Protein chains: 2
Amino acid sequence: MKEVTLKQIAENLGISITTVSKALKNYPDVSKKTKALVKEEAKKLHYKPNVFAVNLRTKQSKTVGLIIPEVVHHFFSSVVNGIIEHAEKKGYLVIILQSNESYKLEQKQIDLLISKRVDGIMISLASNSTDISHLQEVRDLNIPMVMFDKISKLIDCSKIIINDRKAAYVATKHLIDSGCKRIAHFRGALLPQNSIDRFLGYKKALEDHGIQYDPSLVYICERVDYKDGIEAAKKLMSEHDDIDGLFCITDLVAIGAISVFNDNGIKVPDDISIMGFSNWFISSAITPSLSTIDQPGYKMGKATFKTLLKEMKAKRKELPFKPITKVLETKLVVRNSTK
Amino acid sequence: MKEVTLKQIAENLGISITTVSKALKNYPDVSKKTKALVKEEAKKLHYKPNVFAVNLRTKQSKTVGLIIPEVVHHFFSSVVNGIIEHAEKKGYLVIILQSNESYKLEQKQIDLLISKRVDGIMISLASNSTDISHLQEVRDLNIPMVMFDKISKLIDCSKIIINDRKAAYVATKHLIDSGCKRIAHFRGALLPQNSIDRFLGYKKALEDHGIQYDPSLVYICERVDYKDGIEAAKKLMSEHDDIDGLFCITDLVAIGAISVFNDNGIKVPDDISIMGFSNWFISSAITPSLSTIDQPGYKMGKATFKTLLKEMKAKRKELPFKPITKVLETKLVVRNSTK
C-alpha cells in the first residue's frame, strides 16, 4: 500500500488540501461536518501525519538517546525499565545503544545520536572512556545530557548517582562488625569512577577499624560479571587461605564467587562471609542468600529521564539550566552470606 | 550554541551554499581544494547533516522499532542484545518500547512507530493480545515486520521461534525417564502461543508414556516470574503431597519454586525433580543447579533483525518478499535439580 497523503484525502472528498490540513488540526474556520468527514476518510485510509516533516518545523524529535554499557546486566536493565516507562508517559521514544564497554563504539554512538537530532542524551560510560571530547561536543552543541551511574567528573552536566564510597564503606563495615579480620575485595576495572569509589570505601573502612590494607587481597574483575567472580575466587583460593571476608563490586561477581566456594567445600558464611552490591532480586534465591547493598536501578532510570526532561524544557523555552547532581539513597540488606 | 547550517559554512568561506552542499557530498565538479576547505570548516563548526531533511528525500529513517513485553526478563534482554548488536552493525538505530504485557499499550506503541516512519518493526506480543488488528494495519501499510517468541499465527509475516511443544515434550520426558510418576506443571497465561505449546508438549509426553494427565496439577503463572514461582509452589505444597516432578515454563518460575522447597525441607531432586525452561546463566549458580531447556535468546535477536533487514531491502528494491518462519534449535541441559 502506498503512503497516504493529504492530497489523496482531499481528492477523495473533492475539497482542497488546505481544508484537509486545517480539519485535521482542528482549526476553527472549518465546519464540524467537514472535520468529521476528513477524519473519517483519514482513518479509513490509515493516514498518519509525516513525523519527519513535523520535525523540520518544530525542531523537536520527541526522541531521546540512551547509551549503556550492557543491556543484559540486571542493574542496567532495571535502569532502562525506569527510563522507558517515564519517557513513554511523556510521549518520548527512547533509542537504546549499547557500548559493550567500548570507548570507540561509545564515541560513534554519540555522533549518531547527534546526527539523528535527538532532543537529549542519557549515558552511563564505558569502563575505558578516558578521553571525553565526544561528550564535551554534546555540551558545546547545547544538547541536553544526563549521566548516570558511571559518570565523568570532568563533564559539566546533570548526574544521577549513588554515593558509592559511602555504600562500600557500609558494606565493608558490616563484614568487620560481624567479626571478619582479613577481608578481600573483588573490584571493577581501574578507570570507572564507581569502581574507584567502591574500592576507596572498602579501604577507608579497613583503616578506620584498625585493619591494615593489603593490596594483595584486591582482585580486578574487568567486566564485573559472573565469570569474573568465578575466576577471581579461584585465584583467591589458590593465593590465600586465611580470608574470612569478601566484598564484591556487584552481586553477579559475588554469586560467581559463592558458586566456587560451594563447589570446594568452603562454607559461607562460617568460613568466609560475602557481601555483594546492587541487590538484584535473584540474590535472595541463591544459597546462601546474599547480603548486599540495595542500589535503586529503577529509581535511577526514573530520575535520569526526569532530569533530562527538565533540561529539554528549559532549552525549548530558551531558559538557562543549571546542571543537577542527584545522589540516590542506598541501604544495607543483611541476608545469610554474612554472620 | 546554535545549529550550524550550510548557509553559515558558505558565508564563513565566501562561497555559495550549492558549492558547500556539493563539496560535502563529494561531487566531482568541486575542486579538491574547495572540498578540503569546506570539510575543515564543517568540522570546526561541528556541522552535522540534518537527518530529518535527509529522511524526507530518501524516505528511509534507518530506524527500526522493537516492542517487547519486559526488558528486565533475562530472556528478552538477551534478545535485545542480539538485535541491537546486529542493527548497529548495519547502521540502524533501535527504538525500544516495552508493552508491560499490556495489549492496550502495545496498540499505542504500534501507532507511534508507524507515525515515526520506522523502516521496520520487530515485536514479541503481550500475553493478553488477542485482537490483532493493530498488527494487520502494519501489514496493510506494507511496513516490514518480524514477530519473535510470542507470536500470533493469524498474522502473515516472518516469525522467529523455537518449537515450544517439542522442547516441553523433551523436558517432561526427561522427568519421566528419571523416574517421576506424578508431574506437575507451572504454565504461563492462557493466551500466549508459547504458553499453550509448552503445556501441550507436557501433556503429550505424559500421555505417550502412560501417565494420566491430571488438570489439578497444572498451575497458571500469569507473569511467569520469580514471585509467580513462589506462589504456585506454596499452593502446590498445600494441595498435593505426592508430586515427584515439576516442569516450569521458565527458569525464573523454577528458581522461585526451588527457593520455597529449600525453605520447607523438601529435597530437590530426592523428593521432587525440577525442570526449568530457557537456560538463564544464573540457573547453574543456584542450589541445586537447575536442569532446563536451552532457549537461544541472543540467536533469536540476531535472526529477528537479519530477517527484518531482508524484508526492508526487498521493499526498497520494490521486490516481492515471502515471509520466512525460522525455528531455532533448543537443547536439554541436565544439571542437579533432576535425577
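Here is a short chat about a predicted model with chains A and B.

Colleague: How is chain B superposed on chain A?
Modeller: You rotate chain B by 180° with 0.1 Å of shift along the axis, and the RMSD comes out at 0.1 Å. The two copies are thus related as by a two-fold rotation axis.

Colleague: Which residue of chain B comes closest to the rotation axis?
Modeller: That's B:Ile95, with its C-alpha at 2.2 Å. The same surface serves both copies, too: 100% of the contact residues of chain B recur in chain A.

Colleague: Switching topic, what domains is chain A divided into?
Modeller: Domain 1 is 6–49, domain 2 is 59–161 + 298–328, and domain 3 is 164–295.

Colleague: And how many residues of domain 2 of chain A are in contact with domain 3 of chain A?
Modeller: 11 residues of domain 2 of chain A, in contact with 9 residues of domain 3 of chain A. On the domain 2 side, those residues divide into 3 nonpolar, 4 polar and 4 charged. The C-alpha centres of these two domains of chain A lie 30 Å apart.

Colleague: Now helix α11 of chain A. What should its 13 residues span?
Modeller: At 1.5 Å a residue, residues 251–263 should span 18 Å, and the end C-alpha atoms are 18 Å apart, so that agrees.

Colleague: Which residues of α11(A) are buried?
Modeller: A:Asp251, A:Leu252, A:Val253, A:Ala254, A:Ile255, A:Gly256, A:Ala257, A:Ile258 and A:Ser259.

Colleague: What covers them?
Modeller: The cover includes strands β6, β8, β9 and β10 plus helix α10, in chain A.

Colleague: And what follows α11(A)?
Modeller: A:Gly265, with a positive phi near 70°.

Terms used
Residues numbered from 1 in each chain as written. Chains lettered and ligands numbered in written order. Predicted model: local features only at pLDDT ≥ 70, side-chain atom pairs only at ≥ 80, totals over all residues. Least-squares fit on C-alpha atoms with pLDDT ≥ 70 in both. Contact = placed C-beta atoms within 7 Å. Domains from an automatic or database assignment. Nonpolar A, V, L, I, M, F, W, Y, C, P; charged D, E, K, R; others polar. Helix = DSSP H or I, 4+ residues; strand = E, 2+ residues; numbered from the N terminus. Expected span 1.5 Å × (residues − 1). Buried ≥ 20, exposed ≤ 12 C-beta atoms within 10 Å, placed from the backbone.
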